[in-house]
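This report goes through a single protein chain, starting from one residue and moving out to the elements around it. The sequence and the structure come next.

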Amino acid sequence: MTVRSSGTHPIHIEQDVVLARQLARKLAQDCGMRLIDLTKLVTAVSELARNTMVYGGGGDMDWQILDESPRTGLRLTFRDEGPGIPDVKLAMTDGWTSGSGLGLGLTGAKRLVNEFELDTAPGKGTRVTITRWT
Ligand SMILES: Nc1ncnc2c1ncn2[C@@H]1O[C@H](COP(=O)(O)OP(=O)(O)OP(=O)(O)O)[C@@H](O)[C@H]1O
Ligand SMILES: [Mg+2]
């Protein structure tokens, strides 16, 4: 597997979430992703970018276009240095929210991609990596 191209997009304010979504859509198009898969990925991006902003206090979305012939992938990492998630199992439960959300963001995002990785600890921030392949 090789990384064809990569970059970073900041996520601090509402508008950054909109831009993250637009960037993910463009990158997915560049990968030749099918519309249905692209739509799933962009939905996951909305959820994860919003979590980065709301709970993480802002952060970044790193992106990589992956070459693994014959398939192409888009890998996105949402990183923040916020409080982290104390109970990952609970956070990955449908309907559980620490705030006033629906508690469907993380679990929903996981279902919409091919690979999902959550790396977090109290005081260490949060890192969510998702990958969608063509
Ligand atoms: N980046 C993050 N940093 C710290 N805590 C987080 C982060 N992302 C998620 N969490 C915690 O995990 C919980 C579940 O997140 P999830 O996105 O599934 O639901 P939600 O954001 O509460 O509601 P919504 O359905 O509106 O997304 C959050 O309520 C929050 O406590
Ligand atoms: Mg959420």
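## A109 and its surroundings

A109 touches A44, L48, L104 and F116, leaving aside residues up to four places away in sequence; contact here means heavy atoms within 4.5 Å. The residue belongs to helix α4, where helices (H or I, at least four residues) and strands (E, at least two) are DSSP runs numbered from the N terminus. With a relative accessibility of 0%, A109 counts as buried. The term buried stands for under 20% relative accessible area, exposed for over 50%, and partly exposed for values in between (1.4 Å probe, protein chains only). From A109 to F78 the C-alpha distance is 12 Å, at a sequence separation of 31 residues.

## Basis of the model

This is a predicted model, in which local features need pLDDT of at least 70 and side-chain atom pairs count only at pLDDT 80 or more, while totals for chains, interfaces and linings use all residues. Residues are numbered from 1 along each chain as its sequence is written, chains are lettered from A and ligands numbered from 1 in the order in which they are written, and side-chain values use heavy atoms, with hydrogens and water left out.

## Helix α2

Helix α2 covers residues 35-54, 20 residues in total. From its first C-alpha to its last it reaches 28 Å, close to the 28 Å expected at 1.5 Å a residue; the expected span is 1.5 Å times one less than the number of residues.

Its buried residues are D37, L38, L41, V42, A44, V45, S46, L48, A49, T52 and M53. D37 touches R132 and W133, not counting residues up to four places away in sequence.

A24 is found in helix α1, and at 0% relative accessibility A24 counts as buried. Its contacts, residues up to four places away in sequence not counted, are V45, L74 and L76. The C-alpha atoms of A24 and T39 are separated by 9.9 Å, and the two residues are 15 apart along the chain.

A28 also lies in helix α1 and counts as buried at 0% relative accessibility. A28 touches M33, L38, L41 and L74, again not counting residues up to four places away in sequence. Between the C-alpha atoms of A28 and V42 there are 8.8 Å, with 14 residues separating them along the chain.

## Strand pairing

Strands pair if DSSP finds at least two bridges between them. β1 and β2 pair in the antiparallel sense over nine bridges, and the bridge partner of T2 in β2 is D67. β2 and β3 run antiparallel and are joined by 10 bridges. Between these strands, M61 has F78 of β3 as its bridge partner, and W63 stands opposite L76 in β3. Eight bridges join β3 to β5, also in the antiparallel sense, and F78 stands opposite V128 in β5.

Eight of the 10 residues of β3 are buried, so the strand is largely enclosed by the rest of the structure. In a regular strand the side chains alternate between the two faces of the sheet.

β2 and β3 form a hairpin with two residues between them. P70 lies in the loop between β2 and β3. The peptide bond joining S69 and P70 is cis, with omega about 10 degrees. Most residues other than glycine have a negative phi, and most peptide bonds are trans.

The charged end of R71 sits over the ring of W133, 3.7 Å from its centre; this requires NZ of Lys or CZ of Arg within 6 Å of the ring centre and within 35 degrees of the ring normal.

## Annotation

The UniProt annotation "domain: Histidine kinase/HSP90-like ATPase", from an unreviewed entry, covers residues 37-131. UniProt positions are given in the numbering used here, feature names are shortened, and annotations may be inferred rather than shown by experiment. The end C-alpha atoms of residues 37-131 lie 11 Å apart, and the span is 31% helix and 34% strand.
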